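Please look over the sequence and the structure shown here before reading on. The report that follows goes through them region by region.

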Amino acid sequence: MTSQAAEGPETVVASRRSKITPEREREFFDAVLEQIRECGYDSVTMEGIAASTRCSKSTLYRQWKTKPQFVAAALRASRRVRFAGIDTGSLAEDLRQAARAAGDWSGKDTRLLQALGHAVTSDQELAQALREALVHPEIAALEEMLARGVARGEVRADHPALEYIPAMMFGVLRVRPVLNGQYADADYLVRFVEAAVLPALGLA
């Protein structure tokens with residue numbers, strides 16, 4: 001019996017996958033997400049990613065069996081919390097800082113959300129990966145900000161606007177390109193927070 005046979009098929013697959021370094025994997029993920037932003041999800045192919053990253057198509061298919069699996073893995077690997085660490089001691093200022101942070105990445109992430117819009121309605125794994133990468137971490141951070149504001153007595157715990165603040169913050173990011181043909185930059189988002197979000201919470 002050969003050593004490969006003794007190890008079994010699962011070990012062999014793991015060995016093959018281990019040949020991709022973390023740096024190379026990051027290159028694949030960056031390439032697929034950037035092509036989705038530029039061309040849309042439906043136009044991106046495994047063949048195109050292989051060509052742009054100078055690897056064989058079989059390398060990608062060995063690691064990720066399908067395009068949705070590949071994109072879902074790229075989304076999960078790109079997860080980062082932009083609102084993490086925002087804690088100024090004031091809910092109003094925390095929300096202004098969140099607006100500035102959102103403005104710094106709105107173009108990149110909003111383009112990705114728009115490009116994946118139709119695909120996520122038909123692929124549950126892709127939809128879940130998108131939420132895990134771009135939505136849930138930021139909502140959790142916003143909810144922590146709001147909870148601190150409640151604990152400090154800045155907002156009543158039963159204030160009816162509290163549950164809608166994440167929808168307001170994410171909604172304006174998605175809607176402004178449709179209404180005005182422009183992404184919501186930091187200045188726009190700070191003005192939005194001051195004109196709509198803070199008054200909704202009863203904050204000056």
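## Helix H9 and its ends

Just after helix H9, Gly-153 adopts a positive phi of about 85 degrees. This value, like the others in this report, was computed from a predicted model. Helix H9 itself covers residues 124-151, and a kink of about 45 degrees in this helix is centred on Glu-132.

## The cavity and its lining

Rolling a probe the size of a water molecule over the atoms shows where empty space is left. When the whole structure is searched, one cavity of 30 Å³ or more is found, and the largest cavity holds about 60 Å³ of space. Its lining is made up of Trp-105, Asp-109, Thr-110, Leu-113, Leu-134, Val-135, Phe-170, Leu-173 and Arg-174. Helix H7 (91-115), H9 and helix H10 (165-180) are the elements that give two or more residues to this lining.

Which element gives the largest share of the lining of the largest cavity? That share, four residues, comes from H7. Sorted by class, the lining of the largest cavity consists of six nonpolar residues, one polar residue and two charged residues.

## The regions annotated in UniProt

The unreviewed UniProt entry lists residues 22-82 under "domain: HTH tetR-type". For "DNA-binding region", the unreviewed UniProt entry lists residues 45-64. Over residues 45-64 the chain is 75% helix and 0% strand, with the end C-alpha atoms 13 Å apart.

Arg-54 has its place in the loop between helix H4 (46-53) and helix H5 (57-63). Most residues other than glycine have a negative phi. In Arg-54, however, phi is near 55 degrees, which is a positive value in a residue other than glycine. Is Arg-54 buried or exposed? With a relative accessible area of 79%, Arg-54 is exposed, because this value is over the cut-off of 50%.

Ala-72, by contrast, is found in helix H6, which spans residues 67-77. The relative accessibility of Ala-72 is 0%, and therefore this residue counts as buried. Along the chain Ala-72 and Ser-52 are 20 residues apart, and a distance of 19 Å separates their C-alpha atoms.

Leu-203 belongs to the segment after helix H11 (186-201). Its relative accessibility is 15%, so Leu-203 counts as buried, given that the cut-off for a buried residue is under 20%. Leu-203 and Glu-154 are 49 residues apart along the chain, while their C-alpha atoms are separated by 7.8 Å.

Methods: Residues are numbered from 1 along each chain as its sequence is written. This is a predicted model: local features need pLDDT of at least 70, side-chain atom pairs count only at pLDDT 80 or more; totals for chains, interfaces and linings use all residues. Side-chain values use heavy atoms; hydrogens and water are left out. UniProt positions are given in the numbering used here, feature names are shortened, and annotations may be inferred rather than shown by experiment. The bend at a residue is the angle between axes fitted to the seven residues ending there and the seven starting there. On a 1 Å grid over the protein atoms alone, a cavity is a set of points where a 1.4 Å probe fits but cannot get out, and a pocket is an open set with protein on both sides within 12 Å along at least five of seven lines; lining residues have an atom within 4 Å of a point. Grid points are joined across faces, edges and corners, and a volume is the space filled by probe spheres set on the points. Ala, Val, Leu, Ile, Met, Phe, Trp, Tyr, Cys and Pro count as nonpolar, Asp, Glu, Lys and Arg as charged, and the others, Gly among them, as polar. Buried means under 20% relative accessible area, exposed over 50%, partly exposed in between (1.4 Å probe, protein chains only).
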